[in-house]
Amino acid sequence: MMFRTNVLAAVVAAASWILIPASFAQNQSYDPDQAPQDYDQALPPTQQDPADMPNAAAAPIDDKKLDQFADAYLAVQTIQQEASEKLQATSDPEQADQVKSTAENDMISAVERSGLQIDEFNQIVQTMAADVNVRSRIATKLQERSGGT
């Protein structure tokens with residue numbers, strides 16, 4: 001289903017841009033290819049590469065949208081971690097498929113509960129991939145939520 005593929009592609013892309021050390025906001029030479037990749041085991045591969053999505057719009061993203069994105073990302077990250085643990089604990093292919101399917105549905109719901117539509121979430125991911133300022137703003141919002149400064 002294309003809807004799921006798009007959100008999963010965006011989530012994986014977001015994770016690769018956001019799974020960062022606290023010092024990332026200051027690091028202009030950050031290489032996303034060096035980001036941790038362990039989350040890839042939690043979800044099935046997607047059919048669309050986020051880099052193939054249309055270019056991000058030049059319009060600035062307001063703080064409310066970035067707050068919603070940060071909330072969605074944290075929820076999605078939790079879902080990914082739980083799914084990864086469940087997948088590691090099972091060797092039954094049917095049970096693994098069920099875990100993946102449930103995680104996909106839960107991630108979509110988490111994005112929507114944050115107040116963002118899937119296409120808005122995807123657009124922020126695209127912008128984040130191209131704009132170090134947006135990545136820095138999101139990293140700051142995530143640090144605030146985790147009690148860091």
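The structure is a predicted model, in which local features need pLDDT of at least 70 and side-chain atom pairs count only at pLDDT 80 or more, while totals for chains, interfaces and linings use all residues. Residues are numbered from 1 along each chain as its sequence is written, and side-chain values use heavy atoms, with hydrogens and water left out.

The protein chain contains five helices and zero strands, and along the sequence it reads α-α-α-α-α. Helices (H or I, at least four residues) and strands (E, at least two) are DSSP runs, numbered from the N terminus. Of the 149 residues in the protein chain, 42% are buried, where buried means under 20% relative accessible area, exposed over 50% and partly exposed in between (1.4 Å probe, protein chains only). Contact means heavy atoms within 4.5 Å; among contacts between residues at least 6 apart in sequence, 80% join residues at least 24 apart.

In soluble globular proteins, nonpolar side chains tend to be buried together. Here, the largest nonpolar core has 26 residues, and those with the most contacts inside it are Phe69, Val111, Phe121, Ile124 and Ile138. At least two residues of this core come from each of H2 (63-88), H3 (93-113), H4 (118-130) and H5 (132-145), with H2 giving the largest share, nine residues. Such a core is a set of buried Ala, Val, Leu, Ile, Met, Phe, Trp, Tyr and Cys residues joined through side-chain atoms within 4.5 Å.

Helix H2 also passes the length check: its 26 residues should span 38 Å at 1.5 Å a residue, and its end C-alpha atoms are 37 Å apart, which agrees. The buried residues of H2 include Leu66, Phe69, Tyr73, Val76 and Ile79, together with the polar Gln68, Gln80 and Ser84. At the start of H2, a side-chain oxygen of Asp62 comes within 3.2 Å of the backbone nitrogen of Lys64.

H2 packs against H3 at an angle of about 175 degrees, with the axes 9 Å apart, which makes the two helices roughly antiparallel. Axes are lines fitted to C-alpha atoms, for helices over the stretch in contact, and angles run from 0 to 180 degrees between N-to-C directions; those under 35 degrees count as roughly parallel, over 145 as roughly antiparallel, 65 to 115 as roughly perpendicular and the rest as oblique. Residues of H2 that meet H3 include Ala72, Val76, Ala83 and Leu87, and among their partners in H3 are Val99, Ala103, Met107 and Val111. Gln98, also in H3, is partly exposed at 49% relative accessibility.

Not counting residues up to four places away in sequence, Lys141 touches Asp63, Leu66, Asp67 and Ala70. Asp131 caps the N-terminal end of H5, with a side-chain oxygen 2.8 Å from the backbone nitrogen of Asn133, and after H5 comes Gly147, whose phi is positive, near 90 degrees.

Technical notes: Expected span 1.5 Å × (residues − 1). Polar contact = N/O pair within 3.5 Å; in protein donor to acceptor, adjacent residues only side chain to side chain.
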